[in-house]
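Colleague: Hi! I'm new to this one, could you walk me through it?
Modeller: Happy to, let's bring it up on the screen.

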Amino acid sequence: MADTPAPVIDKEALKQRYAEEREKRLRADGNDQYLQLRGQLAHYADDPYTAFVQRAPVADHVTFAFIGGGFAGLVTGARLKEAGLDDVRIIEKGGDFGGTWYWNRYPGAQCDTASMIYMPLLEETGHMPSEKYAHGPEIREHCVRIATQFGLYEHALFHTEVEDIRWDEAAKVWTIETSRGDCFTAQFVGMGTGPLHVPKLPGIPGIEDFRGHSFHTSRWDYAYTGGDPADPRMENLADKRVAVIGTGATAVQCVPHLAKACERLYVFQRTPSSVDVRDNRPIDPDWFGEIATPGWQDRWLENFTANQGGLTMAEDWVRDGWTEISRRVRTKIMQLPPGEMTIEKMMAVYEDSDFEKMEEIRRRAETVVQDPETAEKLKAWYRQLCKRPCFHDAYLQAFNEPSTQLIDTDGKGVERITEKGVVAQGREYEVDCIIYASGFEVGTEWTRRAGFDIAGRDGQRLSEHWSKGMRTLHGIHAHGFPNAFFVQPTQGANLISNVPHNLTEAGRTIGRIVAEALSRGAEEVEVTAEAEQKWIELLLTAPERLIGGPDCTPGYYNNEGQPRGPEDKLNFVGYPAGALAYFRYLREWRDKGDFAGLEFR
Ligand code: NDP
């Protein structure tokens, strides 16, 4: 059989279309278009999952206090307990452990990086994920499993928000104050508050006027919809007209369930997501038994990271959408004549590969969605890494359900909310319920999202230290903030496709440093100003990141299309040689045992 010739791609026409679509969506107010959940909107942030329990304020001392009970707190807490610390206190604004998996219980919530590498500490806990991409309830249970196994419940404070942390120079401890009146001290503090944890609402006129029911996807109201995260059939919606506002990664996962449940579902779209094949399947216990030999999860993490970036030719065990992006680019680069392997040529090859992939994804919309007009509107006109790439096998299909209608706003967004419903393109859609799939704050200051502004030596606030951009060693230590650790990806591996890998490595590192400090009897451990400066200089040599370039359609990956200041690079940068090289570097740095750049006093 003859090969089907590859369709010819008119690159110039595509570039022009991408630019036009971007232009439609640019708005001068950038991040300010979104509303903070304050005042009359504060109730959108209330916890619908766990009852608030009164307790007496805490006023004691612990060796380690960690802010955030998500993956960062769990993996760091586990390593600290392994290092022999009895009193690790995790402070968490939710009612239990889980972080993003505590809050995001919307129907269909599922990890979109393979469970084998996404779910932390699988080997230590002996848990076999049930699916290639596990669903939310299993991931949340896993968080509880980690916390239970490592004894992290004992000192934990839930439904508690840190309001202030100050370094006490005389006592060499941190003083921590919370929303529950707690005031206690800790020798060390860790911060893992997460990148996407403060829900935001779109600044649509009239949002407070709506008389029906409404909620944000991260506070799913199962009391209203019926069902639960494990069985999200939502029988109460059978006679309801529902609007979903937003079509990002969250909407892609919950819309298929809503389409089945609602009498009428309107999906209000400003920018379509790119939605590629998911191909989820159960994990075979026999296969798992064979591969899960000692050290397996580290090997898998390394294999994914190697395949996801760089020019490695290692066998790809994970085989997902992320490694596919790299495989395609790599194959094309390897076909370049040896004399043409320049950065420019490689970037051109990467662009070609992107055009091809996006054309495939657009064709997928045409193939899956029966109504050609709807299919056309579901096509994403931008490069794949301009927005979070999505993978799903029921989202596009949902638009074939008679209940479901796409309301495309041609890049303009919803016009207004009224007492009765939602107005778009001049037409009012009356609904019983509005579900805001409008995402989380990203472009705002770290301290605003964290809810506190830690004060280090001489009372210097973190916002001052970072006023010209983030400054750390390894993304973990900041000069002037002794005994304090950050657990997050930036200025380290910056591996966005599998954030937990960044966190587990940071957790390991912190466990080792704290054990070292305690064994030396050191009261303080702090990065020197020189080591921090050298690290910053190294980071500034990194190439521009591939996600969310300035030519991209606006979104949280590119500061909503607004220009960034020169120092802003530091807020997004990773190790110049890439994630795999960083993890290897960090392991060696740790294993050497002299912790170069840190001072123990
Ligand atoms: P996003 O910020 O990605 O999406 C918000 C949506 O709201 C966008 O479609 C946006 O449109 C839309 N919107 C904003 N304002 C308006 C308006 N005025 N009118 C109409 N629409 C509007 O939030 P998500 O919660 O979907 O996802 C956030 C992130 O969380 C993801 O990018 C991903 O990193 C993570 N996530 C991960 C998952 C996983 O791993 N399994 C699953 C879900 C989320 P526009 O695009 O035009 O701005």
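Modeller: One term before we start: a polar contact is a pair of N or O atoms within 3.5 Å. Also keep in mind that this is a predicted model.

Colleague: Thanks! Where does that term come in, say for T271 and the ligand?
Modeller: An N or O atom in the side chain of T271 is 2.6 Å from an oxygen atom of the ligand, so with a cut-off of 3.5 Å the pair falls within the definition.

Colleague: Which residues are closest to the ligand?
Modeller: The closest are Q110, T250, T271, K387 and Y556, out of 26 residues that surround the ligand.

Colleague: And what about D112, how does its side chain sit relative to the ligand?
Modeller: D112 has a polar side-chain atom 2.9 Å from an oxygen atom of the ligand.

Colleague: Is it side chain or backbone for V414?
Modeller: Backbone: an N or O atom there lies 3.0 Å from a nitrogen atom of the ligand.

Colleague: Okay, new topic. How is the protein divided?
Modeller: There are two parts, domain 1 (11-35 + 201-273 + 350-436) and domain 2 (61-196 + 442-541 + 576-600). In the contact, domain 1 takes part with 16 residues and domain 2 with 13 residues.

Colleague: What separates their centres?
Modeller: Taken over C-alpha atoms, the centres of domain 1 and domain 2 are 33 Å apart.

Colleague: How much area is buried between them?
Modeller: About 1300 Å² is buried between domain 1 and domain 2, and carbon and sulfur atoms give 51% of that.

Colleague: How many salt bridges cross that interface?
Modeller: The rule finds one between domain 1 and domain 2. D112 turns up again here, as its side chain meets that of R388 in a salt bridge, at 2.6 Å from N to O.

Colleague: Which helix gives the largest share of domain 1's side?
Modeller: That's helix α8 (residues 249-261), with four residues on the side of domain 1 that touches domain 2. By type, that side has eight nonpolar, six polar and two charged residues.

Colleague: Last one: how many salt bridges are in the whole structure?
Modeller: The search finds 56.

Notes: Residues are numbered from 1 along each chain as its sequence is written. This is a predicted model: local features need pLDDT of at least 70, side-chain atom pairs count only at pLDDT 80 or more; totals for chains, interfaces and linings use all residues. Side-chain values use heavy atoms; hydrogens and water are left out. Domain bounds come from an automatic or database domain assignment. Contact means heavy atoms within 4.5 Å. Buried area is the accessible area (1.4 Å probe) that two parts lose on being put together, summed over both. A salt bridge is a side-chain nitrogen of Lys or Arg within 4 Å of a carboxyl oxygen of Asp or Glu. Helices (H or I, at least four residues) and strands (E, at least two) are DSSP runs, numbered from the N terminus. Ala, Val, Leu, Ile, Met, Phe, Trp, Tyr, Cys and Pro count as nonpolar, Asp, Glu, Lys and Arg as charged, and the others, Gly among them, as polar. A residue is near a molecule or strand if one of its heavy atoms lies within 4 Å of it. A polar contact is a pair of N or O atoms within 3.5 Å; within protein, one must be able to donate a hydrogen and the other to accept it, and residues adjacent in sequence count only if both atoms are side-chain atoms.
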